[in-house]
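Please read them alongside the coordinates.

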Amino acid sequence: MPESPDGSGLPADPVAPADGSEEPLPEAPVRAIVEALLFASEEPVMLEEVISLIGEDRRDEAAAALAALEGEYAGAERGLLVQRLAGGYRITTDPRMAPFVREMVRGRNRRRLSRPALETLALIAYKQPITGPEIQEIRGVSPSGILSTLLDHRLIRILGRKKVVGKPFLYGTTQDFLIRFGLNTLEDLPAVEEFDALIAAENPAEDPPLASAGTADGGEAAAGEGES
C-alpha cells in the first residue's frame, strides 16, 4: 500500500474516482473490480464504465481483465459464463444449466404462494379491474394481506382508483403474471376450470377447487389468509 507523501508512514488516501464523485474509491486489483462489477450489474458492463471508475491510465489493465475473465469462465467446468452482449460484458448462467435453474425457481414459486393467494390472483385475472372490497365480497374475507403479497411478487399492479365512495384501488395483472403462467396475452387465459388445474400444479399440497372460492365460508378462507 502506498505511503503518505508527507513521510509519516501512514497509508496514503485512496485516489478519488475518475467520475468526480466525492467518496474516494479504495485500491483493489483491477481483475477483482471487473469481476465484481460484472456480477453486480443486471446490464452488460461497458469497458468505458470500468474506466470511469478506475481511471484512463488503467484502460489496458481493464481490457486485459475482461478478456482474461471471459477465457477463464469459458475454459472451466463452471455454471457461469462471461458473455459479450450489446458491446459490453455480463456474467450469465451457462445455458446447459437452464433446466436446473428453472426447476429451482419453479419449486420456490410453488412455496411462495398459498392457495388463497392464487385464488385471489385468479379473481383479479378474470375480473380486472377489480377492487379490494369487490374481492372481499366474493371471497368473504379481507384480501388486504394477500394483495400486498401479490404486489410484492409483481403479479398484480394498481391501475388507479374506482370512482365510488372511498375511491378504492383498482387491481390488474402484470407482465410477470403472464410469464409466470405461460400466457402471451390475457386473451389466452383458460376457462376457470382449466385455471384451477394451473393452481393445483402451482400448489399441489392443497386441493379445494377454485370454483368453490366464492362460496367457501369465511372460516375456511380465513384459515389460509395469513399464508403468503
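Predicted model: local features only at pLDDT ≥ 70, side-chain atom pairs only at ≥ 80, totals over all residues.

1. Residues are numbered from 1 along each chain as its sequence is written, and side-chain values use heavy atoms, with hydrogens and water left out.

2. The protein has 10 helices and 5 strands; these are DSSP runs numbered from the N terminus, with helices being H or I of at least four residues and strands E of at least two. Of its 228 residues, 33% count as buried, where buried means under 20% relative accessible area, exposed over 50%, and partly exposed in between (1.4 Å probe, protein chains only). The protein exposes about 14,000 Å², of which carbon and sulfur atoms supply 55%; accessible areas come from the Shrake-Rupley method with a 1.4 Å probe, and for residues only the protein chains shown count as cover.

3. Helix α5 (residues 115–127) is largely enclosed by the rest of the structure, because 11 of its 13 residues are buried. The buried residues are R115, P116, A117, L118, E119, T120, L121, A122, L123, I124 and A125. At 1.5 Å a residue, the 13 residues of α5 should span 18 Å, and the end C-alpha atoms are 18 Å apart, which agrees; the expected span is 1.5 Å times one less than the number of residues.

4. The loop between α5 and β3 (130–131) holds P129. The peptide bond from Q128 to P129 is cis, with omega near -5°. Two further backbone points concern phi. A86, in the loop between β1 (80–85) and β2, has phi near 50°, a positive value in a residue other than glycine. K167, in the loop between β4 (156–161) and β5 (169–173), likewise has a positive phi, near 45°. Most residues other than glycine have a negative phi, and most peptide bonds are trans. A86 is exposed, with a relative accessible area of 71%, and K167 is exposed as well, at 51%.

5. Which residues does T92 touch, not counting those up to four places away in sequence? They are G79, L80, L81 and Q83. T92 lies in strand β2 (residues 88–93) and is buried, because its relative accessible area is 12%. Its side chain makes a polar contact with the side chain of Q83 at 3.5 Å. A polar contact is a pair of N or O atoms within 3.5 Å; within protein, one must be able to donate a hydrogen and the other to accept it, and residues adjacent in sequence count only if both atoms are side-chain atoms.

6. T149 belongs to helix α7 (residues 144–152) and is buried, with a relative accessible area of 12%. Although T149 and L113 are 36 residues apart in sequence, their C-alpha atoms are 8.4 Å apart in space.

7. On the surface, M97, F100, V101, M104 and V105 form a nonpolar patch with about 440 Å² of accessible area together. Patches are made of residues with over 30% relative accessible area and no salt bridge; like charges are joined within 9 Å and nonpolar side chains (Val, Leu, Ile, Met, Phe, Trp, Tyr) within 5 Å. A salt bridge is a side-chain nitrogen of Lys or Arg within 4 Å of a carboxyl oxygen of Asp or Glu. V105 sits in helix α4 (residues 98–112) and is partly exposed, with a relative accessible area of 38%.

Conventions:
Contact = heavy atoms within 4.5 Å.
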